[in-house]
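Let's take a walk through this structure together, starting with the overall fold and ending with a few single residues. Have the sequence and the 3D view open as you read.

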Amino acid sequence: MAIGLVLGLMYVLPVVASVVSNQQWHRHLEQIGPITAGLYIQDTVDVPSLPLTPWQGLGVLALWAAGALTVGALVLRLRDA
């Protein structure tokens with residue numbers, strides 16, 4: 001179940017972003033998605049046209065990792081006595 005949830009979170013945001021026709025929502029969904037943020041870290045060409053700079057992409061990816069670790073710690077704390 002956990003693997004399905006993680007894969008759903010990772011892959012649903014880019015798919016939803018590609019379907020959304022509103023440019024502001026499309027850009028916002030690209031900015032908060034973990035996969036797209038991770039890919040922006042690697043970009044070195046045409047950086048001003050990207051929704052996130054490489055450093056911002058690293059920050060978003062770090063927030064996703066911190067969130068996953070926090071949720072994992074809470075689940076571990078609540079389920080295991």
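Helices (H or I, at least four residues) and strands (E, at least two) are DSSP runs, numbered from the N terminus. Keep in mind that this is a predicted model, where local features need pLDDT of at least 70, side-chain atom pairs count only at pLDDT 80 or more, and totals for chains, interfaces and linings use all residues. Residues are numbered from 1 along each chain as its sequence is written, and side-chain values use heavy atoms, with hydrogens and water left out.

So what does the protein chain contain? There are four helices and zero strands, and reading along the sequence gives the pattern α-α-α-α. The radius of gyration of the protein chain, taken over C-alpha atoms, is 15 Å, well over the 12 Å that the globule rule (2.2 Å times the number of residues to the power 0.38) gives for 81 residues, so the chain is more spread out than a compact globule.

Next, look at what's tucked away. Here buried means under 20% relative accessible area, exposed means over 50%, and partly exposed is in between (1.4 Å probe, protein chains only). Of the 81 residues, 19% count as buried. In helix 3 (34–42), the buried ones are Pro34, Thr36, Ala37, Gly38 and Tyr40. They pack against helix 1, helix 2 (23–32) and helix 4.

Two of those names come back in the largest nonpolar core, which has five residues: Ala37, Tyr40, Leu50, Leu52 and Val60. A nonpolar core is a set of buried Ala, Val, Leu, Ile, Met, Phe, Trp, Tyr and Cys residues joined through side-chain atoms within 4.5 Å. In soluble globular proteins, nonpolar side chains tend to be buried together. Leaving aside neighbours within four places in sequence, valine 60 is in contact (heavy atoms within 4.5 Å) with Gln31, Ile32, Gly33, Ala37 and Leu52.

Now for the open space. On a 1 Å grid over the protein atoms alone, a pocket is an open set of points where a 1.4 Å probe fits, with protein on both sides within 12 Å along at least five of seven lines, and lining residues have an atom within 4 Å of a point. About 470 Å³ of space lies in the largest pocket, a volume being the space filled by probe spheres set on the points, which are joined across faces, edges and corners. Which helices line it? Helix 1 (2–19), helix 3 and helix 4 (54–79) each supply at least two residues, and helix 4 gives the largest share, eight residues. The lining has 16 residues, of which Ala2, Leu5, Val6, Leu9 and Ala68 lie nearest the centre of the pocket.

Finally, let's visit some single residues. Isoleucine 41 lies in helix 3 and is partly exposed, with a relative accessible area of 29%. Setting aside neighbours within four places in sequence, isoleucine 41 is in contact with Pro54, Gly57, Leu58 and Leu61.

Over in helix 1, isoleucine 3 counts as exposed at 65% relative accessibility. Leucine 7 is also found in helix 1, but leucine 7 is partly exposed at 40%.

One last stop is aspartate 46, in the loop between helix 3 and helix 4. Is aspartate 46 buried or exposed? With a relative accessible area of 52%, aspartate 46 is exposed. Its phi is near 60°, a positive value in a residue other than glycine. Most residues other than glycine have a negative phi.
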